[in-house]
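Biologist: Hey, can you walk me through this one? I'd like to start with charged pairs.

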Amino acid sequence: METLILSIGRHQELVEHELIAVAALYGETVIVGDIDRFFYVKFLSFDVARCVVARCVLLQACFEVLEEDDSVEKLLNTLEVKYPLYFGKEEFVYEVKAPKKRLKNAKDKRKVLGKLCRLNAKKYAEEKSVDEKELCFLIKENGNVLLGRLIAHGLSPSTGSRGGRIGGGIAAKYALNKRPYTGITTMDPELALVMANLAQIQNGDWVLDPFAGSAGILLACAHFGMGMGFAHDISFRALQGDGPGRDIDANFSTYSFAYPEKALADVRYSMWRPDIKVDAIVCDPPYNIRTFGSSDSNSLDNQLLRALVQTADRHLVPGGRLVCYVCVNHSSNLNEYLQDVTSSTTLKILLNIKQQVTAKDFDNAQWLRSLVVLEKPGVRCPLPIVVVKPNQSVDTILQSRYMEWKVARSYKPLDIWRAAWVGDLPALSAYTGNLDERDANGKTALFFACGYNQIVIVKFLLDHVDVNACDDEGTSPLCQATRFGHLEVMELLLIAGADACKLSQQLWFPAYYAATYNHFEALNVICKYNTKSAYLQGPGLQTILHRAAECGHDVFIEKVLTIVPKLASIRDFHGRMYVTSAARSGYLNVVQNFFSEGIDLQMCLDNHNETPLDEAIRYGRTEVVEWLV
């Protein structure tokens, strides 16, 4: 059964290998055509296609092709001849996938399709015995136009925002800026998820990362059901993180995953008995530190590949895989090296995929990066093919979100959350249900009213709901109002008894939001009712000065020091002053303001006897380093 696949357009060199690895996970084989944004794949059945595609990170969707022609006009002519009674004056809204076009709304899609929009979706779907909601027009880069049926979405149903620089779908969920703790070389979430697929992670698997750092790769493995993760690293500070709320456990807690087991370990000296086995080893060896500048003869040895391969041979179960990145000098022969280091083991080389690490092409780049997959001979039990039955029930509220509010407000039950954010007081006043009801994310109507600055709605709801009702992440309505700097709403909440010292699951509090989003006036309002809130310490025992410094808010810091000067002396979990946070993030203006008072650099020593200069060097903040030196 042939299907048409749409990829996300990134990491194209990995698309086929991920698809084949995921299919093998289900004990299936697939035939893959030439890889492009659109490419053809043969599956044994639609159920196999749904299971495989639904787990792939680099795929947007999979389609069954129903009609195809060279252009919109030719396809229109063909369909008018075949189905003349299915065309009328009414225009239907079809989904359109066109990699070369940015189609933001229904109007843009109708403009691209022209009179094709007049094809009666319901009648055509009945003719083809498909669901009309699954119909989709596909426009290839060569101009060919297809009418297809959606079989399954991949884990990245969109290419992402900002031209694809920020991943869509699953990668956006695990974006680095959403994690409490990241390291200097934390693996890109999209690539980490692909590595987990290449390692064929299943529910309950034991997975080892010998170079864990902030454990970003294990986090990706946890998404696919990792049972036990082993985060090993030679750096105690990397495993320790930046304190409570800014460590590996905080990252896993954010996504409700079980914490990995952490251990200070060197891959060259095994700490395990030979009978301890893991299902996969997925890692990113420290080539960024050791390799660059090394001679060709030992650049690969410096990445500890030999020790890593020996560990995999000793501790992988039959059928288990080692997946890792290797940085390769253009003149080096990685295949020969891998054959050498695996010659004395049972491991076999499955993949060695070259990728660029700079904008230069392969021929001109001095360094390349290769994704290597090794496997221990053996067979693992495949996952069962699950027949996915479409959910016939429709969430009335979710369905109404696509309609104008003047229409949606008549639906029952009332969408009280949307009524709150659009400011529909009559609808909320007439509502006889629970105004403190939570949505799917635990948010109340008051939460939305505070975020959208609906003052009248806030006044009404405060007489009927709990002012401190937090969402599933522990974020209160006061935090939401502070985030956007809605001062009058904040006053109303604080007068009603809102707790200005309430911490979220990530240890954020209202004043911390004020520091993050540069709202000094909001901080003033909070301190007016509760001065203690300005002295709270959040993730990693950071004060609001630490947070403002790492965001570069120099004016905010100056104003805060005029009202709470004692904050300047409070240090974080590692004993660092707020200027170190600025140096780490590269905000020279904050660093200059701090040292303009004549403070000696040695006065800023932390618990590790390091200064802001050391932190700036570690994170490559050249301007800060040059000024401090």
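Modeller: A salt bridge here is a side-chain nitrogen of Lys or Arg within 4 Å of a carboxyl oxygen of Asp or Glu. Keep in mind that this is a predicted model, where local features need pLDDT of at least 70, side-chain atom pairs count only at pLDDT 80 or more, and totals for chains, interfaces and linings use all residues. Residues are numbered from 1 along each chain as its sequence is written, and side-chain values use heavy atoms, with hydrogens and water left out.

Biologist: OK, which residue does Arg149 meet in a salt bridge?

Modeller: Glu134, at 3.4 Å from N to O. Arg149 sits in strand 7 (residues 145–153), while Glu134 is in the loop between helix 5 (121–128) and strand 6 (135–139), so the pair links distant parts of the chain, 15 residues apart. Helices (H or I, at least four residues) and strands (E, at least two) are DSSP runs, numbered from the N terminus.

Biologist: Is Arg149 buried or exposed?

Modeller: Arg149 counts as buried, because its relative accessibility is 10%. Buried means under 20% relative accessible area, exposed over 50%, and partly exposed in between (1.4 Å probe, protein chains only). Glu134 has 22%, so Glu134 is partly exposed.

Biologist: And what about Lys82, which side chain does that meet?

Modeller: Glu67, in a salt bridge of 3.0 Å, N to O. Lys82 lies in helix 3 (residues 72–82) and Glu67 in strand 4 (residues 59–69), so this pair ties together parts 15 residues apart in sequence. Glu67 is buried at 7% relative accessibility, whereas Lys82 is partly exposed at 43%.

Biologist: How many salt bridges does the whole structure have?

Modeller: A search finds 32.

Biologist: Switching topic: which residues have the most contacts inside the largest nonpolar core?

Modeller: Leu461, Leu493, Leu523, Ile544 and Val560, in a core of 75 residues. A nonpolar core is a set of buried Ala, Val, Leu, Ile, Met, Phe, Trp, Tyr and Cys residues joined through side-chain atoms within 4.5 Å. Helix 23 (residues 520–529) gives the largest share of this core, 6 residues.

Biologist: So what does Val560 touch?

Modeller: Leaving aside neighbours within four places in sequence, Val560 is in contact (heavy atoms within 4.5 Å) with Phe520, Leu523, Ile544, Leu545, Pro565 and Leu567. There's also a second, separate core of 67 residues, including Ile5 and Val194.
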